[in-house]
Amino acid sequence: MGEKISTRVAYGRALEEFGSDENIYVFDSDLKSCTMTAYFADKYPERFFNMGIAEANMVDTAAGMAACGAVVLVHTFAVFAAGRVYDQVRNSVAYPGLNVKIVGSHAGLTVGEDGATHQCIEDISLMRTIPGMTVVVPCDGSETRLATKAILEYTGPCYLRTGRCALDTVTDQFENYHFELGKGVRLADGRDVTIIACGLMVQESLKAAELLEAEGISARVIDMHTIKPIDRELILKAADETGAIVTAEEHNIIGGLGGAVAEVLSSERPIPLERVGVNDCFGHSGHPEELLKHYGLAPEDVAAAAKKAIARK
């Protein structure tokens, strides 16, 4: 495995790497040492603006600059990026289709000790229901770097979700890996069941596939880094070839990756589907690894869901 790094740090490095275009502007809500926009701020101070703890104003100002042709990235914790400024994101950015990128850091349960108020488990759902919004959830440092480059090159509103804790870099070990917005990646092949995951649950799903293999069960693993637009073709191919699907996400099971996959399957391939995620409840303070186990997001939980889906064939 490659470098162990959080997706927020990988994002900060990538923004510094790909941010040389003088038309790119970065706004932060007084959190640059947390969102890791500090890398960009140090290198390009003339295009970095600390907007203070005024997230709504930040998004509206970004919309105004984007309306004049700029590429603007706004940064805060995911719980604020998806919740506090939903109205501004919807009406000021998405409705006119402006080129603003919303980057929500510290998403999911693995914010850890910050507790339920900051453990955003609704952001994927909220952002993907906004018309015209692209939603990206990278799983490791390497993928985050490529996702950052991709959203900078893409014209239109995007939501990029990053996390706090360091993760194993796994995507760089697969020869067939290629990043493209809207296209998932098959990381492991299998014939009995398919596990579709995003974010850190990609790593947990690869571990689950190893557990299943020890029991003679062949599991396919798909990294679905783009939740919207979802890769319908890849989902339907997996449904046809394995006959059972599990989704795994560090998010509420309602409205996120599991919901997106269910929408595809229910209309075109009504096969067994099991969803692994937070079961419609709030989190609480704790160590990230312990929280994943407590809320049923460990590799053993993904493996158990896979066996349940297979049994329903």
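One convention before the helices: axes are lines fitted to C-alpha atoms, for helices over the stretch in contact, and angles run from 0 to 180 degrees between N-to-C directions. Helices (H or I, at least four residues) and strands (E, at least two) are DSSP runs, numbered from the N terminus. This is a predicted model, where local features need pLDDT of at least 70, side-chain atom pairs count only at pLDDT 80 or more, and totals for chains, interfaces and linings use all residues. Residues are numbered from 1 along each chain as its sequence is written, and side-chain values use heavy atoms, with hydrogens and water left out.

Start with a helix pair. Two packed helices are described by the angle between their axes and the distance between the axes. Helix 4, residues 55-67, packs on helix 6, residues 86-94, at about 10°. Their axes are 9 Å apart. That makes helix 4 roughly parallel to helix 6; angles under 35 degrees count as roughly parallel, over 145 as roughly antiparallel, 65 to 115 as roughly perpendicular and the rest as oblique.

Which residues meet there, between helix 4 and helix 6? From helix 4, Ala56, Val59, Asp60 and Ala63. From helix 6, Gln88, Val89, Ser92 and Val93. Contact here means heavy atoms within 4.5 Å. Five of the residues in this contact are nonpolar, two are polar and one is charged. For the classes, Ala, Val, Leu, Ile, Met, Phe, Trp, Tyr, Cys and Pro count as nonpolar, Asp, Glu, Lys and Arg as charged, and the others, Gly among them, as polar.

Now the sheets. Strands pair through backbone hydrogen bonds, either parallel or antiparallel. Two strands pair if DSSP finds at least two bridges between them.

Lys101 has Cys158 in strand 6 as its bridge partner.

Go through the pairs. Strand 7 and strand 9 run antiparallel, with three bridges. There, Arg186 stands opposite Ile222 in strand 9. Strand 8 (residues 193-197) and strand 11 run parallel, with four bridges. Ile195 partners Val246 in strand 11. Strand 11 and strand 12 (residues 273-278) run parallel, with five bridges. Thr247 faces Arg275 in strand 12.

Is strand 11 buried or exposed? Eight of its eight residues are buried, so strand 11 is largely enclosed by the rest of the structure. Buried means under 20% relative accessible area, exposed over 50%, partly exposed in between, with a 1.4 Å probe and protein chains only. Strand 12 is mostly covered, with five of its six residues buried.

Helix 10, residues 232-242, has Leu234, Ile235, Leu236, Ala238, Ala239 and Thr242 buried. Their cover includes strands 7, 8, 9 and 11, plus helix 11 (257-268). Gly243 follows helix 10, with a positive phi near 80°.

Thr7 sits in helix 1, residues 7-18. At 4% relative accessibility, Thr7 counts as buried. Beyond its neighbours within four places in sequence, Thr7 contacts Pro138, Cys139, Asp140, Thr144, Thr162, Gly163 and Leu167. The Thr7 side chain reaches the backbone nitrogen of Gly163 at 2.7 Å. That is a polar contact: a pair of N or O atoms within 3.5 Å; within protein, one must be able to donate a hydrogen and the other to accept it, and residues adjacent in sequence count only if both atoms are side-chain atoms.

Last, Gln173, in the loop between strand 6 and strand 7. Gln173 is partly exposed, at 46% relative accessible area. Gln173 and Leu187 are 14 residues apart in sequence and 9.4 Å apart in space, C-alpha to C-alpha.
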